[in-house]
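Dear colleague,

I am handing over the structure below, and after it you will find my notes on what turned up. Please read them with the coordinates open.

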Amino acid sequence: ISRRIGARGVVRLGLALEVIAIVGLSLSLSTTTSGWVIAAWLFVYGGGVGFATAQLTGVILAEVPPAQSGEASGLQSTVRQLGSSIGIAFLGTVLVSTLGATLTTNLAGIAGLDPAIAAKAVGLVRLSAGAEIGQLADFANGPALIEAAKGAMVTAARATTLSAAAIIFIGLLATLRIPALPEKS
């Protein structure tokens, strides 16, 4: 593929596939989404990552003199790891804060729910990033709490995936500024 559309084209194709897959996943999310639907979107996403990552280092280092390629490669790897860490922290914050805020709103709609139970439920779900939703069955109004928490989790997951898609889309737009690579002889 890189011979046909060039290394920049492969990076762009990969980033485009990532954006499409993440937006598709976001739009597909519900409390009843099949694991197969999620797997299909993750397959497309993985293909995009494979295309983009395989060519990215070569595109970045294309005009670096060979004597400095080790330094440039190390810097590129460090920046990629730093970006991944910052991205995980940002997206984790989006997930947890949206989950807590949405669950608080959802629980306010449950008539007669004790505010102390609501606060405890929000704390449990938020601190576990949704992993403890099943534990809400032990609370008074357990089934209603679980449904409210599942809805909040879907909303939080959508906000997180759309944020990730927006960031990758900005990266895709940034590739438009990459100059044409010199032809190799």
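Predicted model: local features only at pLDDT ≥ 70, side-chain atom pairs only at ≥ 80, totals over all residues.

Leu172 is buried, since its relative accessible area is 15%, where buried means under 20%, exposed over 50% and partly exposed in between, using a 1.4 Å probe and protein chains only. Leu172 sits in helix α5, helices being DSSP runs of H or I with at least four residues and strands runs of E with at least two, numbered from the N terminus.

Residues are numbered from 1 along each chain as its sequence is written, and side-chain values use heavy atoms, with hydrogens and water left out.

Leu13 also belongs, together with Ile1 and Ile5, to a nonpolar surface patch of about 260 Å²; such a patch joins nonpolar side chains (Val, Leu, Ile, Met, Phe, Trp, Tyr) within 5 Å, from residues with over 30% relative accessible area and no salt bridge, the areas coming from the Shrake-Rupley method with a 1.4 Å probe. Ile1, found in the segment before α1, counts as exposed because its relative accessibility is 57%.

The largest pocket has a volume of about 980 Å³, a pocket being an open set of points on a 1 Å grid where a 1.4 Å probe fits, with protein on both sides within 12 Å along at least five of seven lines, and its lining residues having an atom within 4 Å of a point. Of the 26 residues lining the largest pocket, Glu18, Arg80, Gly83, Ser84 and Ile168 are the closest to its centre. Two or more lining residues come from each of α1 (2-28), α2 (35-61), α3 (69-108) and α5 (142-175), and the largest share, nine residues, is that of α3. By class, the lining holds 17 nonpolar, seven polar and two charged residues.

Searching the whole structure gives one salt bridge, that is, a side-chain nitrogen of Lys or Arg within 4 Å of a carboxyl oxygen of Asp or Glu. The partners are Lys150 and Glu147, whose closest N and O atoms are 3.9 Å apart; both lie in helix α5, three residues apart, or about one turn of the helix. Lys150 is partly exposed at 36% relative accessibility, and Glu147 is likewise partly exposed, at 47%.

With best regards

Key. Points joined across faces, edges and corners; volume = space filled by probe spheres on them. Nonpolar A, V, L, I, M, F, W, Y, C, P; charged D, E, K, R; others polar. Patch = residues over 30% accessible without salt bridge, like charges linked within 9 Å, V, L, I, M, F, W, Y side chains within 5 Å.
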